[in-house]
Amino acid sequence: MGAAGSKLEKALGDQFPEGERYFGLENFGNTCYCNSVLQALYFCVPFREQLLEYYANNKNVGDAEENLLTCLADLFSQISSQKKKTGVIAPKRFVQRVKKQNELFRSYMHQDAHEFLNFLLNELVDILEKENNAAKSSPETSSPEKVPNGPRAAVANGTPKEPLVTWVHKNFQGILTNETRCLRCETVTARDETFLDLSLDIEQNSSITSCLKNFSSTETLNAEDKFFCDKCCSLQEAQKRMKIKKPPYILVIHLKRFKYIEQLGRYKKLSYRVVFPLELKLSNTMEDADSEYSLFAVVVHVGSGPNHGHYVSLVKSHNHWLFFDDENVEMIDESAVQTFFGSAQEYSSNTDHGYILFYESQGSKS
């Protein structure tokens with residue numbers, strides 16, 4: 001890291017807590033998509049703490065099978081236990097596991113950071129759910145008294161038990177409600193669905209607030225798109241809208257910067273300028289809540305197209321912003337975050353655009 005590294009070390013010594021570590025990650029040819037997401041997750045403090053707690057509770061289990069969760073926990077533990085404050089770590093075992101687990105990431109082609117984040121979080125949930133089920137069915141815990149969610153709880157009062165809520169869910173999961181109002185009888189049909197991140201359509205010279213407003217805007221279903229109303233027992237005109245019913249503790253917003261253009265027969269990158277604030281309110285997309293969030297990480301796509309380019313990440317730690325570009329780590333001013341909003345012109349030499357945004361709730365964690 002040379003001179004930049006020693007400059008960073010001095011700054012870290014003066015302005016950051018003793019226990020924090022700021023390590024670059026080695027790139028194995030095309031793994032910037034992975035490195036940028038890992039940095040954002042490492043500086044998602046509640047997620048990191050729970051992962052390290054998981055590691056501490058499971059590291060002595062002799063016959064434990066290696067999986068993506070154990071590899072990630074091992075990597076985060078390696079970083080957090082380094083003697084030096086800064087340096088470079090090679091996440092080789094984790095990357096090998098990713099490639100073994102999912103053939104999509106095996107090639108040396110440019111990969112999508114959002115696809116990787118989705119895959120990783122869903123895989124972690126699957127592993128935790130399997131471990132929970134295995135623990136319930138093991139002889140030591142088969143007694144209903146010993147297991148709070150055991151067989152007795154499963155059919156308590158004749159109702160099926162709630163699905164397991166893991167610590168991944170507690171950090172990232174929110175609930176959307178899809179409301180459809182029949183315009184003939186005014187009956188509202190609501191359907192809930194969970195999400196780990198929100199993918200938003202973007203427009204030129206817009207903001208996250210306006211993207212969220214469009215996400216929750218009312219759409220009229222008519223002509224060939226009429227809605228079958230159960231009360232009217234027929235197809236009717238209706239109004240439909242999507243709202244956030246329960247906001248997540250960590251709100252992950254994915255900007256749809258890659259759009260399929262039919263005339264071109266391929267995907268094109270939208271370099272639109274989309275302003276993402278350091279502090280965000282969800283008042284536009286929720287009924288009765290004024291949830292406030294603070295930006296703490298941005299995964300940035302660098303490049304003019306979807307099939308090539310590079311990923312870097314910006315991270316906020318203890319009120320300071322840092323820039324992670326694979327092995328390189330440097331401090332940046334908060335004002336530099338604005339340079340990643342996108343371009344106000346159709347064609348611009350600036351190809352560094354915010355792609356995935358990580359916001360942490362400023363309210364109490366439920």
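**Figure 1. Pairing of strand 1 with strand 2 in the predicted model.** Strand 2 (residues 86-89) runs parallel to strand 1, and the two are joined by four bridges. Within this pairing, phenylalanine 23 has glycine 87 of strand 2 as its bridge partner. Side chains in a regular strand alternate between the two faces of the sheet. In strand 1 (residues 22-25) both faces are covered, with Tyr22 and Gly24 buried on one side and Phe23 and Leu25 buried on the other.

**Figure 2. Packing of helix 5 against helix 6.** The axes of helix 5 (residues 92-101) and helix 6 (residues 113-137) come within 12 Å and cross at roughly 90 degrees, which makes helix 5 roughly perpendicular to helix 6. Helix 5 contributes Phe94, Val98 and Gln101 to the contact, whereas helix 6 contributes Phe116, Phe119, Leu120 and Glu123. By residue class, this contact of helix 5 with helix 6 consists of five nonpolar residues, one polar residue and one charged residue.

**Figure 3. Packing of helix 4 against helix 6.** Helix 4 (residues 68-80) packs with helix 6 at an angle of about 110 degrees, and their axes are 9 Å apart. Because angles of 65 to 115 degrees count as roughly perpendicular, helix 4 and helix 6 are placed in that class. On the side of helix 4 the contact is made by Leu68, Leu69 and Leu72, and on the side of helix 6 by Phe119, Leu120, Glu123, Leu124, Ile127 and Leu128. The residues of this contact of helix 4 with helix 6 comprise eight nonpolar, no polar and one charged.

**Figure 4. The largest nonpolar core and the surroundings of phenylalanine 47.** The largest nonpolar core holds 61 residues, of which Leu41, Phe47, Phe94, Phe116, Val168, Phe172 and Phe358 touch the most other members. Helix 6 supplies the largest share of this core, with 10 residues. When residues up to four places away in sequence are not counted, phenylalanine 47 touches Leu41, Leu72, Phe76, Leu124, Trp167, Val168, Asn171 and Phe172. A second, separate core of 34 residues includes Leu212, Leu295, Val312 and Leu357.

Figure 5. Phenylalanine 195 and glutamine 173 are 22 residues apart along the chain, yet their C-alpha atoms are separated by 5.5 Å. Not counting residues up to four places away in sequence, phenylalanine 195 touches Phe172, Gln173, Gly174, Ile175, Leu176, Lys246, Pro248 and Leu251.

**Figure 6. Two loop residues, threonine 218 and serine 291.** Threonine 218 sits in the loop between helix 9 (208-215) and strand 7 (219-221), where a relative accessible area of 47% makes threonine 218 partly exposed. Leaving aside neighbours within four places in sequence, threonine 218 is in contact with Gln239, Lys240 and Arg241. The C-alpha atoms of threonine 218 and glutamate 179 are 9.5 Å apart in space, although these residues are 39 residues apart in sequence. Serine 291 is found in the loop between strand 15 (279-281) and strand 16 (292-302), and is buried with a relative accessible area of 14%. Its contacts, again leaving aside neighbours within four places in sequence, are with Pro247, Leu280, Lys281, Leu282 and Met286.

Conventions: Residues numbered from 1 in each chain as written. Predicted model: local features only at pLDDT ≥ 70, side-chain atom pairs only at ≥ 80, totals over all residues. Heavy atoms only, no water. Buried < 20%, exposed > 50% of the residue type's maximum accessible area, 1.4 Å probe, protein only. Pairing = 2+ DSSP bridges. Contact = heavy atoms within 4.5 Å. Axes fitted to C-alpha atoms, helices over the stretch in contact; angles between N-to-C directions. Parallel < 35°, antiparallel > 145°, perpendicular 65-115°, else oblique. Nonpolar A, V, L, I, M, F, W, Y, C, P; charged D, E, K, R; others polar. Core = buried A, V, L, I, M, F, W, Y, C linked by side-chain atoms within 4.5 Å.
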